Amino acid sequence: MILETLSQSVSTVLHNKKRLLKALLIPFLVTYFLRSMKVSVAGNELYNEILVYIFNIAIFLTSSIICLRTQQILDKHDTDDTADAPWQGIKFDPQQRRYSAYLFVLFILLYAIWSVVQADYAMASNGFVYSLMLVLGVVGWVLFSRLSFVLPAITSGKEASFKDAFAITKDKKLYAFVIAGLLPVAFYMLFIGLPIFLLFANPNLAMGLKFIYIFIWGVVVIAIPFIIAAIEATAYRALMDKSKATEISNPV
């Protein structure tokens with residue numbers, strides 16, 4: 001069941017909290033600093049747009065470090081967390097570069113799916129085209145959810161590819177879709193979309209909590225990739241172990 005995967009993910013994170021802290025604190029701080037700088041240089045001028053683009057690339061790279069290290073540590077779930085683990089900074093070894101490259105391809109695919117969805121709304125007056133674009137968007141979303149399991153496969157030390165991701169999720173398409181397709185959207189809507197909606201609905205409250213909200217929002221935006229990476233690492237291990245946690249419904 002999905003709840004079992006979520007519970008196991010929380011348990012594994014807590015079991016490895018010291019190692020996660022030492023591996024992720026510096027990348028978290030660097031990412032938060034980069035996001036703050038991006039906000040401060042945002043503007044309508046060309047040089048502002050170039051700076052924002054550069055910061056986005058840097059944020060993507062540091063976020064990929066957070067994701068890879070999270071999945072690396074959780075993949076070794078039986079490791080003794082009391083052992084003295086070293087503090088880690090920012091570095092890009094071959095495994096990290098491979099991981100970032102695949103993550104970038106997945107982002108391109110996600111952007112393409114979002115473009116199809118946006119075009120779908122623009123063509124809502126044409127029933128056939130609307131239905132076709134909607135089907136393409138859903139199919140792309142399902143493919144994305146399956147392909148994303150290449151990331152925890154890479155962190156486990158394998159020379160994995162998208163072909164391996166398809167093989168891993170071959171018999172668990174629905175499970176993969178819920179874990180990597182639905183849950184990330186739910187987290188973004190709950191932790192980012194809902195607070196933004198509530199603040200816009202109450203401008204006075206928004207002004208009163210402006211600086212506190214900006215700080216919390218910045219932390220949450222950075223934390224969500226960590227949460228998604230942790231859940232996907234747990235799900236990948238369940239898939240590899242053929243755990244009953246991958247069953248969406250109770251087997252008959």
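Is Arg98 buried, partly exposed or exposed? With a relative accessibility of 26%, Arg98 counts as partly exposed. The cut-offs are these: buried means under 20% relative accessible area, exposed over 50%, and partly exposed in between, with a 1.4 Å probe and protein chains only.

Before going on, some ground rules. This is a predicted model, in which local features need pLDDT of at least 70 and side-chain atom pairs count only at pLDDT 80 or more, while totals for chains, interfaces and linings use all residues. Residues are numbered from 1 along each chain as its sequence is written, and side-chain values use heavy atoms, with hydrogens and water left out.

Back to Arg98. Arg98 forms a salt bridge with Glu159, and their closest N and O atoms are 3.6 Å apart. The pair links distant parts of the chain, 61 residues apart: Arg98 sits in helix H4 (residues 94–122), and Glu159 in the loop between helix H6 (150–155) and helix H7 (162–168). A salt bridge here is a side-chain nitrogen of Lys or Arg within 4 Å of a carboxyl oxygen of Asp or Glu. The structure holds 1 salt bridge. Glu159 is exposed, at a relative accessible area of 65%.

Helix H4 also holds Gln96. Gln96 is buried, because its relative accessibility is 2%. Apart from neighbours within four places in sequence, Gln96 is in contact with Ser64, Ile65, Leu68 and Lys91. Contact means heavy atoms within 4.5 Å.

Now the whole chain. It comes to 10 helices and 0 strands. Helices (H or I, at least four residues) and strands (E, at least two) are DSSP runs, numbered from the N terminus. Of the 252 residues, 37% count as buried. Among contacts between residues at least 6 apart in sequence, 80% join residues at least 24 apart. The accessible surface is about 14800 Å², and 71% of that belongs to carbon and sulfur atoms. Areas come from the Shrake-Rupley method with a 1.4 Å probe; for residues, only the protein chains shown count as cover.

Next, helix H2. How far apart are its end C-alpha atoms? They are 35 Å apart, which agrees with the 36 Å that the 25 residues of H2 (residues 17–41) should span at 1.5 Å a residue. The expected span is 1.5 Å times one less than the number of residues. H2 has a kink of about 45° at Leu24, shortly before the proline Pro27. That bend is the angle between axes fitted to the seven residues ending there and the seven starting there. Leu24 and Pro27 are among the buried residues of H2, as is Lys22.

The C-alpha atoms of Trp87 and Lys22 are separated by 4.6 Å, although the two are 65 residues apart along the chain. Leaving aside neighbours within four places in sequence, Trp87 is in contact with Leu21, Lys22 and Leu25.

Last, Ser148, in the loop between helix H5 (127–147) and H6. Ser148 is buried, with a relative accessible area of 4%. Beyond neighbours within four places in sequence, its contacts are Leu106, Ala180 and Glu232.
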